[in-house]
Amino acid sequence: MARHVLYVNHTASVSGGERSLLDLLRGLPDDIAATVASPPGELAGEVAALGVSTARLRGTDAGLGVHPTRTPRAVAALTGDGLTLLRHARRHGVALIHANSVRAALACAVARRLGGPPLAVHVHDILGTDRISSAVRAVVNSTADVVLANSECVRATVERPGGPAVVVVDNPVDVACFDPGRADGARMRRELGLDDQQPALVIVGQITPWKGQETAIRALAQLPERFSTTRLLIVGAPVFAAAGTSYDNLAYLNRLRELVSELGVGDRVIFLGARSDVPDVLAAATLALVPSWVEPFGRVVIEAMAMGVPVVATERGGPAEILAGEAGGVLVPPRDAAAWSHAIERLLDDRDERTRLGATGRRRALARYTLDRFVSRVLAAYAVGVGGEAFVGTRSRAALQLGS
């Protein structure tokens, strides 16, 4: 008999956490029935395209800070969504609710406290130590039956004594899509006007200050003159631009464009915006850069690894776990443009080292970050949350070995 899981997302926008949810939906076994509850928009459209049923929520893009008008509206929206989730769960016999973010967890907590089904909370962010983050952590730990964290560094910020089990579930990479044998890097280089010898650096991610695009631009400007033909490809857009978001991401994009002009690298930085052909962009790259201030996981790290592209990544957060032992790349302190420039220069000068890092990174991506492994660990976490292996069924019992 199929078990029904209700997946809940607080926003209609699609970023890293939503990509993981879409991956999960693609890989679920037939004995799991899924519904995704979210605000109408991009995510709901992609879910529907997968043939998965949807339910409508108000949702909120408000940040976790306190604001005299936005915060009360966000609380009202989350409370209303919680009641909607409870009604849906009872009407459709939902066996488990999966909150796909800590904001979604706040709505799901309402349903759980009013007698709703068991709750799994998927944490994709590093929770801080401020008062609001502490309050959110307390809600998660008091209402969740199991917590999924996308890295050990995330687990450390949410797990507390007496709280629910916290299971680390690495994000997956679609190794069929991110396949150097299928991607067309030559086409991309022609499109961008790059010759075969020109070094190309690429940074992929939403445009927001903490992703560190500014550091990448400053590092490019500090490269020695012999690398003057190097191009920096900036892939991404300001995904979250509502009034309640933590940063003014639209203004940040404008500042990046101004910085490029100020540093005199206007002909060396290419803003590509959001792209659906990221594998082709990576295939055209010499190095992938992930200069985030702190990165909860770093999906683009494993995407670049799968493509055999060496990575230069922040040493803070998930990339340090992924690249342990320099298996695919090197780690650099965030916000230190000189250190980033030096690391980039060293790798651009050493083709053999780039080849080694690319090969070891691809091997690790193919061994550890597959969709099958990701789905198995999620289902194993569900079993922990409901107190036994019956939930996941015969096909998934092997997944109960959480260390595998």
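**Close-up views of a predicted model**

**View 1. Val146 stands opposite Ala165 in S7.** S6 and S7 (residues 165–168) are parallel and share 4 bridges; strands count as paired if DSSP finds at least two bridges between them. Helices (H or I, at least four residues) and strands (E, at least two) are DSSP runs, numbered from the N terminus. This is a predicted model, where local features need pLDDT of at least 70, side-chain atom pairs count only at pLDDT 80 or more, and totals for chains, interfaces and linings use all residues. Residues are numbered from 1 along each chain as its sequence is written, and side-chain values use heavy atoms, with hydrogens and water left out.

**View 2. S6 also pairs with S5 (residues 119–123), parallel again, through 4 bridges.** Val121 has Val147 as its bridge partner in S6. Together with helix H5 (residues 131–143), the two strands make a right-handed β-α-β unit. Along S6 (residues 146–149), Val146 and Leu148 point one way, Val147 and Ala149 the other, and all are buried (under 20% relative accessible area; exposed is over 50%, partly exposed in between; 1.4 Å probe, protein chains only).

**View 3. Asp145 and Arg112 meet in a salt bridge, 2.9 Å from N to O.** The term covers a side-chain nitrogen of Lys or Arg within 4 Å of a carboxyl oxygen of Asp or Glu. Asp145 sits in the loop between H5 and S6, while Arg112 belongs to helix H4 (residues 102–113), 33 residues apart. Asp145 is partly exposed at 25% relative accessibility, and Arg112 is partly exposed at 26%.

**View 4. Arg187, Glu191, Arg275, Asp277 and Asp280 are linked in a network of salt bridges.** Arg187 bridges to Glu191 at 2.9 Å, N to O; both lie in helix H7 (residues 185–192), 4 residues apart, about one turn of the helix. Arg187 also bridges to Asp280 at 2.9 Å, N to O. Because Asp280 is in helix H10 (residues 278–283) and Arg187 in H7, this pair ties together parts 93 residues apart in sequence. Asp280 is buried at 15% relative accessible area, whereas Glu191 is partly exposed at 45%.

**View 5. An open sheet of 6 strands runs in the order S10-S9-S8-S11-S12-S13, with parallel pairing.** At its edges are S10 (269–273) and S13 (329–332), each pairing on one side only.

Key: A crossover is right-handed if, with the strands pointing away from the viewer, the path from the first strand over the helix to the second runs clockwise.
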